[in-house]
Amino acid sequence: MKILIIEDEKALSESIVTYLKGEDYICETASAFNTALEKTESYDYDCILLDITLPGGSGMEILKNLKANNKMDGVLIISAKNSLDDRVAGLKSGADDYLSKPFHLSELSARIAAIIRRKNFEGSNMVKCSGIHIDTQARSVFVNSNPLELTKKEYELLLYFVTNKGRVISKNAIAEHLWGDDMAGNYDFIYTHIKNLRKKLSAAAGMDHIRSVYGMGYKFTGA
Amino acid sequence: MKLLVRFNRVNIIATVIVLLLSGLCYYFTIRYVLLNQLDDDLKVEEQEILDYIKTNNSLPNPSSYKDQEVSFQQNDGQPAKRTFSSSTVFSKEEKEDITSRQILFPVTVAGKNYTVAISKSQEATEDLIQLILLLTLAIVIVLLAVLFIINRFLLNKLWRPFDTTLKELKQFNLSNNQHLKLEASTINEFSDLNEAVTVMSNRVNQDYLALKTFTENASHEMQTPLAIINSKLDVLIQDETITEFQMQQLQGIYDALDRLSNLNQSLLLLTKIENNQFNERENIQLDQLIKEKLLQFDELIDSKKLHIITNLQETSLQYNKQLLDILVSNLLGNAIRYNKEEGDISIILDPALLSVSNTSEIPALDGAKVFQRFYRHAGTKQDGNGLGLSIVKQICDMASYSIVYGYTDHQHRFSVHF
């Protein structure tokens, strides 16, 4: 999977590259408008991370150029301007998703995975990981081909873990993913949901995939 | 007191006094002139009588006409002095007082002293004076009427540019960024005023805009460094060699970062509301919105074992969906967050009012400060950013809703009047 990161802040794009390398993603970066435009015109990417404010031009122009050339690349806008107008304008211009800064890399990774799933036409609504099959279309989970009943939050949690498998996700990132800003700083609910998910998953799979990291985060491990 | 009323009062009083004084002057001047005239006439009669006596050496016959009377009286003592006088006698024929002018002078005919009295009616003179007084009065009345009409119609029209300017100033609202619509006037004072007001409002608008742009830019500029810190932490915690102690330190950074991001986003939100960037309006079922929000807060409510009492009437509002969502979210969020274990929340909604009240361990808040930015009660834990209620207030202000805080029966209550 090829990913292009168009972001003028080197420090940020470096972190993104480091984090995404864990998956089988091949990452390229562009930090200015012109190089970004060249790359998007010359190559195809599975997903493009697009910052709106770039030296030399607006990310929106790149987006319009992509659409004008009938490119099928998935586009995830990452913007510091968290305004509804930008979000609406971006999505109207054909972006697949919008993530406002600051964000957690685990959230970014989950969004990229979702875009690639949607872009892929080979019946890829299925996310598979060591015997666990998640049908993102039907929102159902199978463990070793047996259906697993999960609550809405548990399902979201599992999908989040699986798309970030092998990496530590902080409690803060989990709380934000599940509840947005409404429950900031309230981790008790995470414990409850993770406890229940672990119980159900262990019973079905015969092993505990979720590992707690010093109580500050969690890691989903494969087989 | 209105300027016009004050001006009219002085103007009218002065006018009336001047007119009355001039009336008096007329009265005395004309009276003096006319009496002189009358006296001259009497002197002519006197001369005629004297001539008659000189020629005939006898007295003429006393005569009495309509307005002139001549009489003679013999007097034995000293001859009388020549005098003019006015006197009023009641006339039986005319049934009214008749004023007449009289001249007395001595004559000697055949060694005998006589006093001659010639009197002329002063009636014509009095009539003239009366006429003049009436005229003066009529002029006063006409003048007052004219002044009244001028004030009523002309002055109101003249002052209209001023009234328009005043109205515009009263409606002037910085956050709307509207320019004043002033009426052009050919009157120097008003056009000067309008010019000064326009210059001032433009400057205020510019300053305000600069301030807002600064806040917005500052908040935006902070987003990127925050994003970098966040991403570096996310990468850092992947390191397998990190010890528990180091993890705890990182957790502290995460939590502080969350608070900072949250604060920044709230500041941005406040600026955006002030900038009127949420101007889309739609019809919103507020009762439905509240029910949805309660579902979202379900877990928090359950964990604190709160009792929720709702009385929600069907209510639809024409407003921005996002803003109403934030309004409800903040009010309910506070009612839950600052509640005590097994506490109560009651939510009442009807088409005119939304009221959210809750129990809490925090005593009554300072009503004057509760909506101020960064106001927190001393007993409040640091998990709120101190902007939630300011945002609620700002949202209410934009919609011209009024929001009131009250504390009764150990319950904090926020009421929004639509």
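Predicted model: local features only at pLDDT ≥ 70, side-chain atom pairs only at ≥ 80, totals over all residues.
**Who supplies the chain B side?** I looked up which elements give two or more residues to the side of chain B that touches chain A, and found α4 (188-236), α5 (244-274), α6 (286-296), α7 (298-304) and α8 (321-337) of chain B. The most comes from α4(B), with eleven residues. By type, this side of chain B splits into 16 polar residues, ten charged and ten nonpolar.

**How much do the chains touch?** I found 39 residues of chain A in contact with 36 residues of chain B. Between them the two chains bury about 3300 Å², and carbon and sulfur atoms carry 54% of that.

**Salt bridges.** I then checked for charged pairs, and the rule finds two salt bridges across the interface of chain B and chain A. I noted one of them: B:K232 pairs with A:E14, with 4.0 Å between the closest N and O atoms.

**Cores.** Next I turned to the nonpolar residues. The largest nonpolar core has 76 residues, and A:L158, A:F161, A:I174 and B:I290 have the most contacts inside it. To this core α8(B) gives the most, with nine residues. Another core lies apart from the largest one; it has 22 residues, including A:Y19, A:I78, A:L105 and A:I115.

How values were computed:
Residues numbered from 1 in each chain as written. Chains lettered and ligands numbered in written order. Heavy atoms only, no water. Contact = heavy atoms within 4.5 Å. Buried area = accessible area lost by both parts, 1.4 Å probe. Salt bridge = Lys/Arg side-chain N within 4 Å of Asp/Glu carboxyl O. Helix = DSSP H or I, 4+ residues; strand = E, 2+ residues; numbered from the N terminus. Nonpolar A, V, L, I, M, F, W, Y, C, P; charged D, E, K, R; others polar. Core = buried A, V, L, I, M, F, W, Y, C linked by side-chain atoms within 4.5 Å. Buried < 20%, exposed > 50% of the residue type's maximum accessible area, 1.4 Å probe, protein only.
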